[in-house]
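This briefing concerns a predicted model.

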Amino acid sequence: MMKKVGFLLLVFTIAFAAPLSALTIKLGSPFPEGSAWDTTLKRMAAEWKNISGGQVRMRIYPGGVAGDDRDMIRKMRFGQLDAAVLTTFGLKTIVPNTFVMTLPGILQSEEELDRVLADFAPLFDDDFVREGFRVLTWSKSGWAYFYAKKPSVTTDQMRTEKLAVTSTDEELAANFKALRFNVVPTSMNELMVSLQSGMVSAFYAPPMAAASYQWFSQAPYMIDLPLAPVLGGFVISERTWQRIPENFHAELKAAIEDVARDFYLESERLNQEALDVMNRNGLHRESLTEAQKKEWFDTLTGGYSLVVGDGKWIDDDVYEDFMFHVNGLR
Amino acid sequence: MNKGRWFILLLLGSLLLVSCRTLEKKAIRSVADMLSSPDGAGAITSDDDPQLIADALPLALKIYEILLAQDPKNDELAAATGKNFAMYSGGFILLPADMMDDEMWEEAAEARSRAKKLFRRGRDYLLSALDLRHEGFLASLDSGDYDTAAAMLETEDADAAYWAGLAWLGMASTDPLDVEVLTTVDKAALLMYRSMELDDSPAGIHDMMIQLQVSLPSSVLATMRERSPLTANYMDGYYESAGIGTNPRDRAVFHFERAVSLSNGLEPSPYITMASAVSVKEQDVESFRTYLNAALAIDPEENPDTRLMTLIYQDKAQWLLDHIEEFFLVDF
């Protein structure tokens, strides 16, 4: 009898003393290793480990080692990767309707963007879960602007430019084509050479990219009109999320939202630094009158027919709900 | 004492002071020459105790700076000072930071920030050395007149240009989102290519070229090529004569083979560069292991002149192998 009790005690002791096996989450990130953004992810990994008492660990694959958005999504579907920092293009690959939030000209201010991210973005949560993913947080990192080789303030002036649109972004290219812009599909790697050779004469990008890749040196006229917000998100596969004990979910999510705020602040700083650098190196910021701004927004918002509608990227009802929401903010 | 004797004493005193200063300057110059000579550098690079050098270098760097402050026109000393700053920053600050566990993110970030400052200091000394040798070099480089700046450099400048480019790229690698630095990195690429044009026999230049091909955004090289048509011509001719096309990977492999051949296979660095820059990018575990095992198989005693760097790089190679799961998505 004593032997049996002793054995049971041993079993219970082992069962309760041994920690639950740690879950290692493989996270793919496009952020360069050693960058401030990469460091922020490492800080988040440390917080996740603390919150979960060491049960949830994170292994970060920085600098695009895990591939681009599409690669990372595919690897998450296979279970080779658990989580990823995705750009808006990756997010719309999973749930195309999310594209509505980054349509050129659809949002016109930071305040509108903040409200949309707080109130409208969560409406896509179920769509992501149905696809096997969960967006733990959305992040924003500035706005894209147009840059051109010659002063181009109006839409008609921009239509005379050869506008580079990334070749992976067919929907945006279609959208701009519908608006009668002269679209030239161009890969990001070839943009500088294309600008140098005159194959393209305009592009759009956030200031950070325009400065870092020195594209602005070829097309120094920047239209001072926020064209579209640069969004991203921290996505985890639903399968992995459900393997994490539920009692940790709220705190882990809070930690990641905290990180998203840091991303945003760092992005603001970097975009401002980029503008300062470009200003010192010959950037011309073309101011627009209110009438010109209105003309731009009217033009851009008037050309969604190729991407909105049945069988297209964005469902009619989603677009209408979104516009109802946005108009309520104005 | 009459006025005549006072005058003689004053004259003698002045002469003594002048000769003391001359002697002091001569002494400084001779110490500086010794430190900046290959023998001086060899005392560091041939050591077999990386920790000893890590501990000794900060003091040595300050001695270099003190000597340089006394002899600011000494271009050799300026170049040696810059080179040692770059070496210390890369080998003893950045490399250990790269090998820190992710959980030590704060320490790693601090180390990177420090490495950036030291790389910057090293680069500036090296650029000033080139400017001392060729008046107007910096002005041409700063103003974007790349061809004029590059044309001023001669064969004797190849080493300083290489180290200046290396320090510049090192600075960018410590903080990959520093826009201010990123917008100038094409100048580092210019210095690297000009250095190779002047002397393509050191293995180190080819090692750096591997990185340049696979890590630099294509826009950086495109910008440099546009601003320096002479360098663009040189690049095209160089690769064409070697039968290499425009594919960055092909060029990286070409430079790797050149680096291995020029070092007689005795330097681990090119293998590590290929493993971490190419194999990881292509998620090729087998080549990763092959390169790193080749780096570890090198006997540091076979090339005593580079013993220190061999030991440091082999430490890195072993660390990469020990942490292979952090670079590849496959399960081990």
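**Core and chain contact**

Beyond its neighbours within four places in sequence, F176(A) is in contact with P104(A), F146(A), L163(A), V165(A), F181(A), V183(A), Y204(A), L227(A) and L300(A). F176(A) is also named, with W48(A) and V100(A), among the residues with the most contacts inside the largest nonpolar core.

**Nonpolar core**
- The largest nonpolar core comprises 215 residues.
- Helix α4 of chain B, residues 75–98, supplies the largest share of this core, 13 residues.

**Extent of the interface**
- Chain A contributes 38 residues to the contact and chain B contributes 31 residues.
- About 2,900 Å² is buried between chain B and chain A, and 57% of it lies on carbon and sulfur atoms.
- On the side of chain B, the residues that lose the most area to chain A are W105(B), L177(B) and L329(B), which together account for 26% of what that side buries.

**Polar and charged pairs**
- Between chain B and chain A there are 13 residue pairs in polar contact, with both residues at pLDDT 80 or more.
- Three salt bridges are found across the interface of chain B and chain A.
- A salt bridge links K49(A) to E103(B), with their closest N and O atoms 2.7 Å apart.

**The side of chain B that touches chain A**
- The elements of chain B that give two or more residues to this side are α5 (105–133), α9 (179–182) and α12 (218–227).
- The largest share, six residues, is provided by α12(B).
- By class, this side has 13 nonpolar, eleven charged and seven polar residues.

Notes: Residues are numbered from 1 along each chain as its sequence is written. Chains are lettered from A and ligands numbered from 1 in the order in which they are written. This is a predicted model: local features need pLDDT of at least 70, side-chain atom pairs count only at pLDDT 80 or more; totals for chains, interfaces and linings use all residues. Side-chain values use heavy atoms; hydrogens and water are left out. Contact means heavy atoms within 4.5 Å. Buried area is the accessible area (1.4 Å probe) that two parts lose on being put together, summed over both. A salt bridge is a side-chain nitrogen of Lys or Arg within 4 Å of a carboxyl oxygen of Asp or Glu. A polar contact is a pair of N or O atoms within 3.5 Å; within protein, one must be able to donate a hydrogen and the other to accept it, and residues adjacent in sequence count only if both atoms are side-chain atoms. Helices (H or I, at least four residues) and strands (E, at least two) are DSSP runs, numbered from the N terminus. Ala, Val, Leu, Ile, Met, Phe, Trp, Tyr, Cys and Pro count as nonpolar, Asp, Glu, Lys and Arg as charged, and the others, Gly among them, as polar. A nonpolar core is a set of buried Ala, Val, Leu, Ile, Met, Phe, Trp, Tyr and Cys residues joined through side-chain atoms within 4.5 Å. Buried means under 20% relative accessible area, exposed over 50%, partly exposed in between (1.4 Å probe, protein chains only).
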